[in-house]
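Here are my quick notes on the model, as numbered points. Have the structure open while you read.

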Amino acid sequence: MRITIAGGGIGGLATALSLHAAGFDDVVVHEAAREIRPLGVGINLLPHAVRELTELGLADRLAAIGVPTAELAYFNQHGQLIWSEPRGLGAGYRWPQYSVHRGRLQMLLLDAVRERLGAQAVRTGSRITGLRHDSDLLVGADGIHSAVRAALFPGEGAPTWNGLMLWRGTTYGEPFLTGRSMIMAGDGAQKFVAYPIGEGPLINWVAERPLDGEPPKRGNWNRPTDLATVVAHFADWRFDWLDVPGLIAGAEAAFEYPMVDREPLPYWTRDDVVLLGDAAHAMYPVGSNGASQAIIDARVLAHSLATTGSAAGYEEIRRPATTALQLANRRQGPEVVMRLAHERAPGGFEDIEQVVPLAERTEIAASYKRTAGFDPTLLNERASWSVR
């Protein structure tokens, strides 16, 4: 089977590696950019995605570029702890969770594709603009502005904006909490996220708040913005354990991104075309799941093609799962605990148990893990997507 992949991002490259591992050698990735460069800032790879990359033989390379996340902690806008839980190996998973620079991860996958499938397997400066292709299957992994998706669903229009603006950057700063903590602080509307992604330590941060008026171009992660504007929105967010405005101000640059997603689709496959990753199910960046879900897509698609010769099984498994996740992210996913704490105790609290009881917090976190596919017991016991 000859397979064409539109898009050389994380989803497209993971698909090429997954197909090769499943026995498909005639695979070509077409990337519109003339050069694939390590762009972007930090992302998280949850244990279900790390499992797939491990089974692709990339565990050591991933460990070399990632920071194993020790815990995830939610705070209110005053810096008071709402909820904290261990992550990765410390939470009982058989695989770690990593915080990693998106560009370094993409280059890791690119190097692996070229090593295993050959240099000719990735063609840069080559844009797939529709459904025409000279192969047996076209995989549309070309992102939130997918040309393949647009050809399947003409007239869909721009991604849907929820009124929030994200600002992202990286800063060399002092370690906080465990030194490997991922933190989120906020009131359900305005939010700040931070976690280390490298030595120094290099800290990735995301600031978020509602924006008046229409946003700039939607779906572009690399639009520069003014750091002073971001600092002004978080000027009072100084906690005993983290200086938020200081961290923002210390970045060399920041990038703005309107929070957008796509509507769930009625189908992903038609004839000899299939969608994957953001092209299939672009979702709000809630719960650290976008890149992880694309990697899982890649593995399930390769397994389906190798075992049945069809992508139908892939869609049957993945479309309902990611639709549920898209909708859960619109409801703020596990981050809803910050909104609940603010609504019930806007001025802060003395005892979080009197505001959001432990049983409620625990179920919110567990429910999201089940929806997103990384409940620790289910993940540890699930059969492998490797084709043996």
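1. Ile183 is buried, with 0% relative accessibility; buried means under 20% relative accessible area, exposed over 50% and partly exposed in between (1.4 Å probe, protein chains only). You'll find Ile183 in strand β11 (residues 181–186). Strands (E, at least two residues) and helices (H or I, at least four) are DSSP runs, numbered from the N terminus.

2. A word on the source: this is a predicted model, where local features need pLDDT of at least 70, side-chain atom pairs count only at pLDDT 80 or more, and totals for chains, interfaces and linings use all residues. Residues are numbered from 1 along each chain as its sequence is written, and side-chain values use heavy atoms, with hydrogens and water left out.

3. What does Ile183 touch, leaving aside neighbours within four places in sequence? Its contacts (heavy atoms within 4.5 Å) include Ala73, Phe75, Phe192, Trp241 and Leu242. Phe75 is 108 residues away from Ile183 in sequence, yet their C-alphas are 7.5 Å apart.

4. Now the rings. Phe, Tyr and Trp rings (six-membered ring for Trp) pair if their centres lie within 6.5 Å; planes under 30 degrees apart are stacked, over 60 edge-to-face, the rest tilted. That rule gives nine aromatic pairs. One of them, Phe75 with Trp241, is tilted, at 4.2 Å centre to centre and 35° between the planes. Phe75 sits in strand β5 (residues 71–75) and Trp241 in the loop between α6 (227–233) and α7 (244–249), so the pair ties together parts 166 residues apart in sequence.

5. Phe75 is buried too, at 5% relative accessibility. Phe75 and Trp241 belong to one aromatic cluster with Phe192, Trp205, Phe234, Trp237 and Phe239.
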